[in-house]
Amino acid sequence: MIRHGMEYWDHIDRVLRAATLDEVKSVTSAFSRAVGFHNHGYATKLREPLPGGSDFVFFEDFDSDWSKTYPALAAPDAERSDPRITLSREGLPAVAWNSRGRTTWEPRPQLYQIGRRTLMAAGEFGLHGGITVPSWSPGTQWSFTTFTVNALADPRDLIPTLGEAVYFVSCMHAAMDRLLRRPRHAPKLSERECEVLRWSAVGKTSWEISMILQISERTVNFHLQQVARKLGVKGRRAACARAVALGLIAL
């Protein structure tokens, strides 16, 4: 059963603060389950290749062979034949759908025919309803996230989830973009160092941070000094600015 409401802000906060790609994936899974979906998948094509040479990134948790369709999205012909990619490239809105080909809005005829075939194929793998949310950023050519349910659903019943999903996906995609484009030379900060740095970045004094985190003021200052050393700067303000610029912390 799909649940909706505005009680999932913790997932938004967690994904915005994610320090690793694995953390983004974990929070996305938690959000998907909390809203009431069974599975999800995310895919993006980057404008510039990553250090390893790939310009395609995806993650999914489908428990069927539908998962095998995701690597194929990296192929050039997928951009001409996959309706989810078209949804993103053409700046179209999020859509709720079911495996009978019904959607909450009707695209142009050619896209409708391609989309209907994709939705019916998804149904053969047990994905009988869901929503697909396109996203975009300067570093990507296209990107989309799909959340699915195993039971046949009227797309109109899924509409209440669209607002929450669209906002979550925008935050999740921003986190992915930040992490994927993080410089390779960015230093690694400990979880405690990131905590201290985030509180400092929003204007808390060392004493206030010590009260919040239940540690000594001396320990707070030690962490800030260590961070400044790792980042090659002097002073907490410079450390905060550098950490934000490198994507090591999010405010």
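I started at Met 176. Leaving aside neighbours within four places in sequence, I find Met 176 in contact with Leu 21, Val 24, Tyr 42, Val 57 and Phe 59. Contact here means heavy atoms within 4.5 Å.

I noted the ground rules next. The model is predicted, so local features need pLDDT of at least 70 and side-chain atom pairs count only at pLDDT 80 or more, while totals for chains, interfaces and linings use all residues. Residues are numbered from 1 along each chain as its sequence is written, and side-chain values use heavy atoms, with hydrogens and water left out.

**Cores.** I looked up the largest nonpolar core, which has 32 residues. Such a core is a set of buried Ala, Val, Leu, Ile, Met, Phe, Trp, Tyr and Cys residues joined through side-chain atoms within 4.5 Å. Buried means under 20% relative accessible area, exposed over 50%, partly exposed in between (1.4 Å probe, protein chains only). The members that touch the most others are Val 15, Val 24, Ile 131, Phe 147, Phe 168, Met 172 and Met 176. At least two core residues come from each of α1 (9-16), α2 (21-35), β1 (39-46), β2 (56-60), β4 (129-135), β5 (140-149) and α6 (155-180). Helices (H or I, at least four residues) and strands (E, at least two) are DSSP runs, numbered from the N terminus. α6 gives the largest share of this core, 11 residues. Apart from this core I find another, of 18 residues, including Val 227, Ala 239, Cys 240 and Ile 249. In soluble globular proteins, nonpolar side chains tend to be buried together.

**Sheet.** I traced an open sheet of 5 strands in the order β2-β1-β5-β4-β3, paired antiparallel. Two strands pair if DSSP finds at least two bridges between them. β2 and β3 (95-98) are at the edges with a single partner strand each, so one side of each has no neighbour in the sheet. The twist averages 15° from one strand to the next. β3 pairs with β4 over 4 bridges, antiparallel. There, Asn 98 is opposite Gly 129 in β4. α2 packs on the sheet and touches β1, β2 and β5; its direction makes about 140° with that of β1. Axes are lines fitted to C-alpha atoms, for helices over the stretch in contact, and angles run from 0 to 180 degrees between N-to-C directions.

**Strand β1.** I checked burial along β1. 8 of its 8 residues are buried, so β1 is largely enclosed by the rest of the structure. Asn 39, Gly 41, Ala 43 and Lys 45 point one way, and His 40, Tyr 42, Thr 44 and Leu 46 the other. With β5, β1 pairs antiparallel over 8 bridges, and Ala 43 stands opposite Phe 144. With β2, I count 5 bridges, again antiparallel, and Gly 41 stands opposite Glu 60.

**Tyr 42.** I came back to this partner of Met 176. Tyr 42 lies in β1 and is buried, at 0% relative accessible area. Its contacts beyond four places in sequence include Tyr 70, Ser 143, Met 172 and His 173. The C-alpha atoms of Tyr 42 and Ser 143 are 7.5 Å apart, though 101 residues separate them along the chain. A polar contact of 2.9 Å joins the side chains of Tyr 42 and His 173. That term means a pair of N or O atoms within 3.5 Å; within protein, one must be able to donate a hydrogen and the other to accept it, and residues adjacent in sequence count only if both atoms are side-chain atoms.
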